[in-house]
Amino acid sequence: MTTNTRTIEKPKPNFETKSWMFMRYSAVLLIPLVFGHLILQDVIVGVHRIDLDYVAMRWASIGWRIYDALLLAFAFAHGVNGIRQVLNDFIQSDQVRKIMHWGLFLLWLIVTAIGAIALIGGVRPIS
Amino acid sequence: MSNLKTTLTGYASYRGREGHYSFLLHRITGLGTALFLIIHILDTSFVYFLPDLYQHAINLYRSTLFGIAEVGLVFCVFFHGVNGLRVAFFDLIAPRLWSVPRQRFSTKITLLITLLMWVPASAIMLYNMLYHNFGWFGG
């Protein structure tokens, strides 16, 4: 019996494949980050004990700032990409999709930039 | 517009049982969390841009209405997280294990784990709300 072998070229992952992978890999990272953030801030500390001083105290530690930077980078990118994937189910026109993709990209860029500036700048005193 | 109708009626009428419900719940909880996240990044950035207004934003979050919404948000995040881990496990690690009975079973386990995390968390959050907003438990 002869065995026929043939090589099948694995298609190069396109943008949608990469975005599909990103959702799953970032999910694994976000589980400890987001669950930890929620359990600590909403359950253990609680919104009634959060104020400007609390944020200042928390951000005095570089570790928490890095934690929040990771949240900002991964959670928000995961969220906006998720919105994009849902909207792609509702929009079939290539042109409208393009507008939607750029709109969401700009939203992501602007909100991430605002968050990053605040995170680096830190808490400013009340005037 | 017809695309919207086709997608929505498809969402509503497809009879995929547990898998379909978990798909829908994953989308709704994800969208809810993402919308809150946009607001949350902006309100937290007040500490740098508008520190005078930060306390106003926090006072809003302390209100009873937002307190109830917070309990809902925590459910959204817990379900989305646990279910996302389930999806990632079957997609990345064990695609060979994928079968309809296993999907039905794992979906139920996902919901159970979510509730086991969510019920105690909401009890504490509701306790805090009753303590601070209604003066219960000596608050």
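A salt bridge is a side-chain nitrogen of Lys or Arg within 4 Å of a carboxyl oxygen of Asp or Glu. Between chain A and chain B of this structure, which is a predicted model, two salt bridges are counted. I shall describe one of them. A:R24 pairs with B:D91, and their closest N and O atoms are 2.6 Å apart.

Let us now consider the interface as a whole. On the side of chain A, 46 residues are in contact with 45 residues of chain B. Together the two chains bury about 4,000 Å² between them, and carbon and sulfur atoms give 74% of that area.

Which residues have the most contacts inside the largest nonpolar core? They are A:F35, A:F76, B:I41, B:V74, B:V77 and B:F78, in a core of 30 residues. Chain A gives two or more residues to this core from each of α1 (15-45), α3 (62-90) and α4, while in chain B the corresponding elements are α2 (17-49), α4 (64-93) and α5 (100-134). Apart from this core lies another, of 12 residues, including A:Y54, A:V55, B:I58 and B:Y61.

Is B:V74 buried or exposed? Its relative accessible area is 1%, and the limit for a buried residue is under 20%, so B:V74 is buried. Setting aside residues up to four places away in sequence, B:V74 touches A:L38 from chain A, as well as B:W118, B:A121 and B:M125 from chain B. With B:A121 there is a separation of 47 residues in sequence, yet the two C-alpha atoms are 8.1 Å apart in space.

A second example comes from chain A. A:M23 belongs to helix α1, and it is buried, with a relative accessible area of 10%. Beyond its neighbours within four places in sequence, A:M23 is in contact with A:H78, A:N81, A:G82 and A:Q85. The C-alpha atom of A:M23 is also 9.1 Å from that of A:A77, a residue 54 places away along the chain.

Finally, I come to the surface. Helix α4 of chain A, residues 94-121, contains A:W102. Why does A:W102 count as exposed? Its relative accessibility is 54%, and exposed means over 50%, so A:W102 falls in that class. Along with A:F105, A:L106, A:L109 and A:I110, this tryptophan makes a nonpolar surface patch of about 510 Å².

Note on methods
Residues numbered from 1 in each chain as written. Chains lettered and ligands numbered in written order. Predicted model: local features only at pLDDT ≥ 70, side-chain atom pairs only at ≥ 80, totals over all residues. Heavy atoms only, no water. Patch = residues over 30% accessible without salt bridge, like charges linked within 9 Å, V, L, I, M, F, W, Y side chains within 5 Å. Areas by Shrake-Rupley, 256 points an atom, 1.4 Å probe, with all protein chains shown as cover. Helix = DSSP H or I, 4+ residues; strand = E, 2+ residues; numbered from the N terminus. Buried < 20%, exposed > 50% of the residue type's maximum accessible area, 1.4 Å probe, protein only. Core = buried A, V, L, I, M, F, W, Y, C linked by side-chain atoms within 4.5 Å. Contact = heavy atoms within 4.5 Å. Buried area = accessible area lost by both parts, 1.4 Å probe.
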